[in-house]
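Q: Could we go through this model together? I would like to begin with the core and then move on to other parts.
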Amino acid sequence: MKMKKWFSVAATAVMLTSVVAAGCSSSESSTGGGAASGGEASGGGDKKLGSIALYSPETPDFTKEIGLNFEKAFPGSKVNVQYGGTNVIVNRLIAEKDNPQGDLWYGGGGFLPFETAKTKDIITPYIPEAVKDWPEIKDGIKVRDKDWNWVGVEVFALGFVYNTDLVKPEDAPKTWDDLLDPKWKGKIQMPNPAASGTATLTVLSQLMDKGEEQGWGYFKKLVDQVSALPDSGSAPTKAVAKGEAEVAIAFDFMAYEMKAKGEKVDFIVPEKTPVIVNPASLVKDGPNPEGGKAMIDYLLSQEGQQQLANWYHIPIMPGVESKTPLTLEKVLPHAMELDVDWVVENYDRVRNEWRQKFQ
């Protein structure tokens, strides 16, 4: 395939420890008062934010906790979390375009679905005060949309969850090609790319890495290996924890959340894999834009970032210690490059081809 403009999608320690001061023009000023980097979330004073509809594919218990803590920080607010797979959320936003019901969209298996959402005219720019000086790209790293349609709030690594009772660490897959080993036949689960942003990222990254002909050939073999393709990005990890599968394709935090609950799982960062920022975005013409802006500010505040970190996510802001054993320094050498332009041009086509080939 023809590669255009390449960006590494991992956020680096350099970005986390300093904010570049010349990232936007004077015309790119924030339209809302966000919490400063490293500061506490604002209590909102007399500002009544009312009901806020949050669309998210992230773990329901996790997003519910974020909503409850936001309500404590902003008395009088009410966060209604609407859960669904990334592509389900995108389709819902498209269906509601003439009468938007959501206020913000957080999470989607990284920023790639947000890039394609721009072309659907379902998200709208917002510049959080805490990151108003962020450039679009730092040392080849894309941390926000060029027009502020989305901004990264954390970092994910895509890899393999395995059941530690059923698989020895030395036997666990270390590369994407390792998943094709006959010993894994019927023992792997991956999310359904027609519904899950996690799986869509998996397909897009392998097509970019291998080329389309070889990449589709790879997935033909991989689908023969898997025992199930659930719509939820987290379902394969849960299946591994139950012993229903031995290996699953998932993001890092999914494994570490389960491990913290006592489940016999662990995580492998493949030799070459997507390491990508996970964003938040304001829904275009949503019923409560001020509430949506306040929640994005909150996710980037010290308090909000600590909540992400407490759920084993890798925070994007400095001064926040996460419970995950992974650090940016550890995952950065594994990061593969993704052609963002190619993704935007081919996202829907690739998903449709997946349906035609495998559903």
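A: Buried means under 20% relative accessible area, exposed over 50% and partly exposed in between, with a 1.4 Å probe and protein chains only. This is a predicted model, in which local features need pLDDT of at least 70 and side-chain atom pairs count only at pLDDT 80 or more, whereas totals for chains, interfaces and linings use all residues. Residues are numbered from 1 along each chain as its sequence is written, and side-chain values use heavy atoms, with hydrogens and water left out.

Q: How many residues does the largest nonpolar core have?
A: It has 106 residues, and those with the most contacts inside it are Phe70, Tyr106, Leu179, Leu222 and Leu300.

Q: And which strand gives the most to this core?
A: Strand β8 (residues 151-163) does, with nine residues. Strands (E, at least two residues) and helices (H or I, at least four) are DSSP runs, numbered from the N terminus.

Q: What is phenylalanine 70 in contact with?
A: Leaving aside neighbours within four places in sequence, phenylalanine 70 contacts Leu49, Ile52, Ser77, Val79, Ala294, Met295 and Tyr298. Contact means heavy atoms within 4.5 Å.

Q: Changing topic: is tryptophan 216 buried or exposed?
A: Tryptophan 216 is buried, with a relative accessible area of 9%. This residue is found in helix α6 (residues 212-225).

Q: Which residues does tryptophan 216 touch?
A: Not counting residues up to four places away in sequence, tryptophan 216 touches Val203, Leu207, Val350, Glu353, Trp354, Lys357 and Phe358. The C-alpha atoms of tryptophan 216 and lysine 357 are separated by 9.1 Å, although the two are 141 residues apart along the chain.

Q: Which residues of helix α3 are buried?
A: In α3 (residues 86-95), Thr86, Asn87, Ile89, Val90 and Leu93 are buried. They lie on the same side of α3 because they cover an arc of only 155° around the axis, the arc being that of the directions from the helix axis to the C-beta atoms.

Q: What do they pack against?
A: The buried residues of α3 pack against β2 (51-56), β4 (104-106), α4 (112-120), α5 (197-210), β13 (275-283) and α12 (340-358).

Q: Where is the pLDDT below 50?
A: The protein averages a pLDDT (the predictor's confidence in each residue, from 0 to 100) of 87, and 86% of the residues score at least 70. Over residues 1-39 the pLDDT is below 50. Where pLDDT is low, the predicted coordinates should not be read in detail.

Terms used
Core = buried A, V, L, I, M, F, W, Y, C linked by side-chain atoms within 4.5 Å.
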